[in-house]
Amino acid sequence: MPPSTRNTSPDSSSFYRDISMAYSPPGTPLLKPHALPFALASPLLKSEVQSNPQMQWNQQPNERRRSCLYQWATSLHIILIFTYTFMFGSALLLVQSKAKCDCVGNKLVSSPADSFIEYTQGIYTDNHRTPRPFFGPPDEELDLAWHNLLRNNDFRISRSELAGLGDVMLEEGVQIPGDRDGYISTMYAFHELHCIKKLHQSIYPEYYFPNFTEQQHRFRRHHDEHCLDLLRQSAQCHGDPTLIPFRWGHSQPIPLTNLNAPHKCVNWDKLQDWAEERRVDPLKKGWLVHPTLGLPSFPNGLGDPTGVVEDD
């Protein structure tokens, strides 16, 4: 008979049976192969596996699979963490950018003067003791200062610049005579200064409005209320966050506001230069005529002294 040959290749079923018999108490059902990995969690079994080459041979493929699965799961978690972090950061930046910009719908509120505006650091002057040149008792010098400050109050804008404010604004716009692409405009900075000028004049009605009727005085007070509310809205709209700390005075115990903090200010001269290049004079006699009424807007070259124009 040919000599018997011993099969040296490991037989998994007999291997698991031997392990089960070796570590199971008498009378205990044999461990099935799929249950063996849980049994091997025992420290005793683990040390036995480490000292037995056959058991190590059978255990290594499972360990490699578990190692690969662990590495894959770890990589997936890292990718998901970075993805969620990027998405959250992008959403946060988008919300912050929308909160910081002035938006109407999805469009940024802009002005044709934006590209000419420069910012500088400025400090407000507290002129309650020496209020010149814009405040104090009226005279020709003060009136001239206000006139020069508002000399570029009215200026030309193009049709496309007006259309940027919306179709309604374009439809209602006042066109410059003989200029198919030009419209008359002012800007809020000038309008707010106009309001401050009128409020100052209301402090001295005997100088500026000596011959007003009672009805004209009512109109003037109505205009003053309009100006006060416009300035209130402007202060809330711009919300200047510059701090005003307090300081101690020298002759009384109440803390005083210290108005010498620096501000972020528009370069006013640059803004005036931009408006001056576009300046128009709507008060010119006979220049503006209502398109349907056929009446001149300023037949005498003067505006209404009360500053109020009523319309139905």
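This is a predicted model: local features need pLDDT of at least 70, side-chain atom pairs count only at pLDDT 80 or more; totals for chains, interfaces and linings use all residues.

Residues are numbered from 1 along each chain as its sequence is written, and side-chain values use heavy atoms, with hydrogens and water left out.

**Exercise 1.** Find the salt bridge that Arg156 forms with Asp181, and work out which parts of the chain the pair links.

*Solution.* 
- Start with the term: a salt bridge is a side-chain nitrogen of Lys or Arg within 4 Å of a carboxyl oxygen of Asp or Glu.
- The closest N and O atoms of Arg156 and Asp181 are 3.7 Å apart.
- Now place the pair: Arg156 sits in strand 4 (residues 155-158), while Asp181 sits in the loop between helix 7 (167-172) and strand 5 (182-185), so these are distant parts of the chain, 25 residues apart (helices are DSSP runs of H or I with at least four residues, strands are E runs of at least two, and both are numbered from the N terminus).
- Arg156 counts as partly exposed because its relative accessibility is 27% (buried is under 20%, exposed is over 50%, partly exposed is in between, with a 1.4 Å probe and protein chains only).
- Asp181, at 37%, is partly exposed too.

**Exercise 2.** Look at Arg232 and Asp229: how many residues apart are they in helix 10?

*Solution.* 
- Both lie in helix 10, 3 residues apart, which is about one turn of the helix.
- Arg232 has a relative accessible area of 40%, so it is partly exposed.
- Asp229 has 34%, so it is partly exposed as well.

**Exercise 3.** Is Ser234 buried or exposed?

*Solution.* 
- Ser234 also belongs to helix 10.
- Its relative accessible area is 12%, so Ser234 is buried.
- Across from it in sequence, Ala189 is 45 residues away, yet the two C-alpha atoms are 9.7 Å apart in space.

**Exercise 4.** Which helix gives the most to the lining of the second largest cavity?

*Solution.* 
- On a 1 Å grid over the protein atoms alone, a cavity is a set of points where a 1.4 Å probe fits but cannot get out; lining residues have an atom within 4 Å of a point.
- Helix 10 gives the most, with 3 residues.
- Helix 8 (188-203) and helix 10 (214-238) each supply at least two.
- The lining residues include Lys198, Phe209 and His223.

Key:
On a 1 Å grid over the protein atoms alone, a cavity is a set of points where a 1.4 Å probe fits but cannot get out, and a pocket is an open set with protein on both sides within 12 Å along at least five of seven lines; lining residues have an atom within 4 Å of a point.
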